[in-house]
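Trainee: Could you take me through this structure step by step? I would like to begin with the strands and then turn to the helices.

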Amino acid sequence: MKHKLLIPVLILSGLAGFNAQKKPLDHSVYDAWQSIGNREITANGKWIAYQVNPQEGDAHLYLKNNRNTSSLVFPRGGNFDFTNDSRFIILQIKPFYKDIKAVKDKKLKKEKLVKDSLAIVNLETLNTEKLANIQSFKTPKKGGSWLAYLLANPNEKTEDKKDNDDKEASSKPSTLVVYNLITGKKDQYENVVQYHFSENGKSLAFITQKPEDKKENKTKEKENKDKSTPKKYALQSVNWLDLSNGKLRKLTEAEASYSQLSWDELGKQLAFVGTLSAESDLVKNYQLYYYTPEKEFQIGKDKKLPHQWVISENRQPSFSKNGQQLYFGLAPQPIAKDTTLIANDHAVVDIWNYKDDYLQTVQLKNVKKDLQKSYLSVLQTNTPEKLQTLGSEKLDSVKTMDNGNSHWVLASSSSLEAKIATQWAGSTDKDYYLINTLTGEKQAILSNFDGRVEISPLGNFLVYFNRKNGNWYSYHIKTQKHSQLNQNLNINFTDELWDMPDLPRPYGIAAWTDKDESVIIRDRYDLWEFFLNSSKKPINITQSYGRKNKITFDTFIFDPEDKKSLNRKAKVLLSAFNENTKDEGLFLTQISTAKAPQEIFMENISGIRSLKKAKDVEEYIYTKENYIHSPNLYVSSDFKNQIQLSSTNPQQAQYNWGTDELVHWTTPKGYHSTGILYKPEDFDPNKKYPMIVYFYEKLSDGLNKYVAPAPTPSRLNISYFVSNGYLVFTPDISYENGHPGKSAVEFINSGVESLKKHPWVDAQHIGIQGQSWGGYQVAHLITVNNMYAAAWSGAPVVNMTSAYGGIRWESGMNRQFQYEKTQSRIGKTLWEAPDLYIENSPLFHFTNVNTPVVIMANDQDGAVPWYQGIEMFTALRRLGKPVWMLNYNGDVHNLMKRQNRKDIQIREQQFFDHYLKGAKAPAWMTKGIPATMKGKTWGFELTDEQP
């Protein structure tokens, strides 16, 4: 049964008098507009915490019970954790946003900023305890009501994060407090720099460091002037605290540097890395340390390591789930840099060699990562002398299986030829192997494989899709047998709408079932079960209901750490998306029955994929939204009674908002296409409205997405323009290989022509806007005809012949693959089809342009070389065409700096208002901003002059 999302009367009121009172959005509204941030539900399902975040300002954290009858609000509430037993919530209280901003704006020392505080709420009594000046905190993931927090050092920089990773919590020693939230007992440990709980909450490891002594430092400074005297690390110790009895054990102490603390599942084994080398040593030797209550050992000093290999400090050790295997990193012995060289006496040069595996730009982009690269190795904890290397410089990656319990790992490598080919292919064919963790035996599985290999949860099978023949396969590790899963099935498991000049990609694996019995794989709509350990035939578990009703189904995995598979005999929730209506909802099925799924609800919403489940009970939280309804959080146990918890953006009711609807048309070649038309809330069919057309590839699936008014990275601010009396149209585009420009004309222009038939569309005042690939299409469209009154082109490519050989500076990759394989869709090299590159390059057709156009091209764009914008500007300027270019200094492909986002919104509004509404033009368009006036005026003032 389909349910319509209930819309508040205040928003949808159709009374003309009421709508007339509503005001249009302006540029001052952005900062206060809200969104739902982090949200969690306790394991017992009784309490929900969620953040409501303004775009700029102080967030609020709300704590509510599952029926929304009891709640607490915490202004400036930040990161939070529920304890595993559902009895407490711990949350950060951050400094005021204005204070943080003042520190940044005035470049004050961070010591001037008030430190974070903690709030601890007892969920049974709702009593709240607040603790001031907290640097970081942690709770065990799976055990009890323990809390550890590090007090802020008054002279230390504050990090805006919850310290739930294993990075250093502090560079200077501070006080660690270990707090039993049940008994109220607190224990303090001084001079702590790192700390780490075992997941079950039974053990805590922490590292202490001797604090600096000013007198001693002066002595050391004198010694350090003599370069022959090595600078030593401060005295550090690693400590093991047994939380069950409070016993503290010092494991090791030395002038050293220890890090990467790691526990096993039961909190009975601890591993970490450390070095006893001097701090000033250019190359340090690291050891792997291992401790249990009964034994200990170190690896790194003796002959256990391969020749010229060392323990890596850059990989955290990790235990298998059963605790029997310890994985860690090895790396080739680093080569020390020659510090005697004088910089001015030698060249600084990059040497490009055609035999390099990757281009120098890629190598330089990854140089830090490559210098820190380590290779997986393993030892058996009961026989640590049996160290086994698994990774090597020839293997690209190594993945453990069955939570590290398996005695096999999956490894892959690429040939030199395949790596070189990434320049034009964009990806590499790989060879796959299984490596035995006990013997190092290597079994070849796949050769020159184009696809992705997935490991079953228990590590008994590999499942992979071969893009070259479009088939799914399994590999049984025990029997070493490959089997085609979809044999004799006349079903397409690859993207049916694929329109790039490359092999189509699969819809992918949805889930696994318990005991590695089967794998569930998606086609375009339905879910198929393939049995891995038997000869049973595949089953369409949704019984073609999806294809018949144009509904796409997918599964949920609510606890991927502990439960990676589905019970075939249990009820299973499925997310559902209707391809025609764009509605979302939930269905219920049971895999073993293979009956048509049962609809729970379908609504004109989006957001259902945000669904989270309480660990121990049937209680769910999720968001719902559509274009009219701001995203809000809901809770339900059965989805029949859906309780709304949040109420974001009540101020929206004050503004003229809008509506959205699907529109359909047939292109000149007979293709059926779809788009979204946004109209002002006070739309009057007796009036004429200017229209802006915004596009990328396909946007209609976003019909039920809420579009907050926001200073966007450079996309169209749809809500703002709709509120201010514009129609906005977003057409879907499908592409013909070799002719992306003509494809844009086919779909965009025909969609616009179909809308121009309506008397309420002002056909003489239609603008177009696009960013990146959309920016390219804008540049192409204005060379075809004069149907658009104004155009805005963000980060466009206008010359495919020069862009073809360029670099994507963000990744260092060459751009050739984009034209031969992916988005630019030429499908051939420049030398094979120079005519196609010229046909699709607007630069060669700019003599036809009569449309005023603004270009955004930023000098730190890492995706599209900004000289493409320069080519467009200089060509149109030379031809005497009205053109402007914005270069936001130091900003990237999609604007990151909020002040720049706000700036571009104003300029875009002024530009379209002038050409589509006849408003006065601003000074930046009429007179420009000379370099001598940069930073002194922004040219927003309106003038009586014409551009």
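Predicted model: local features only at pLDDT ≥ 70, side-chain atom pairs only at ≥ 80, totals over all residues.

Trainee: How many bridges join strand E1 to strand E2?

Mentor: Six bridges join E1, residues 34–41, to E2, residues 47–54, and the two strands run antiparallel. Among the partners, glutamate 40 is bridged to alanine 49 in E2.

Trainee: And which residue takes a positive phi in that hairpin?

Mentor: Glycine 45 does, with a phi near 75°. The hairpin has five residues between its strands.

Trainee: Moving on, what is the order of the strands in the open sheet of four?

Mentor: The order is E29-E30-E31-E32, with antiparallel pairing. E29 (453–455) and E32 (481–484) each have a single partner strand, so one side of each is left without a neighbour in the sheet. From one strand to the next, the twist averages 25°.

Trainee: What joins E30 to E31?

Mentor: Six bridges link E30, residues 461–466, with E31, residues 471–476. Phenylalanine 461 has histidine 476 in E31 as its bridge partner.

Trainee: Now the helices: at what angle do H11 and H12 cross?

Mentor: The axes of H11 (residues 740–756) and H12 (residues 773–781) cross at roughly 85° and come within 10 Å. Angles of 65 to 115 degrees count as roughly perpendicular, so H11 is roughly perpendicular to H12.

Trainee: Which residues meet there?

Mentor: Those in H11 include Val745 and Ile748, while those in H12 include Trp773 and Leu781. The residues of this contact divide into seven nonpolar, four polar and one charged.

Notes:
Residues numbered from 1 in each chain as written. Heavy atoms only, no water. Pairing = 2+ DSSP bridges. Axes fitted to C-alpha atoms, helices over the stretch in contact; angles between N-to-C directions. Parallel < 35°, antiparallel > 145°, perpendicular 65-115°, else oblique. Contact = heavy atoms within 4.5 Å. Nonpolar A, V, L, I, M, F, W, Y, C, P; charged D, E, K, R; others polar.
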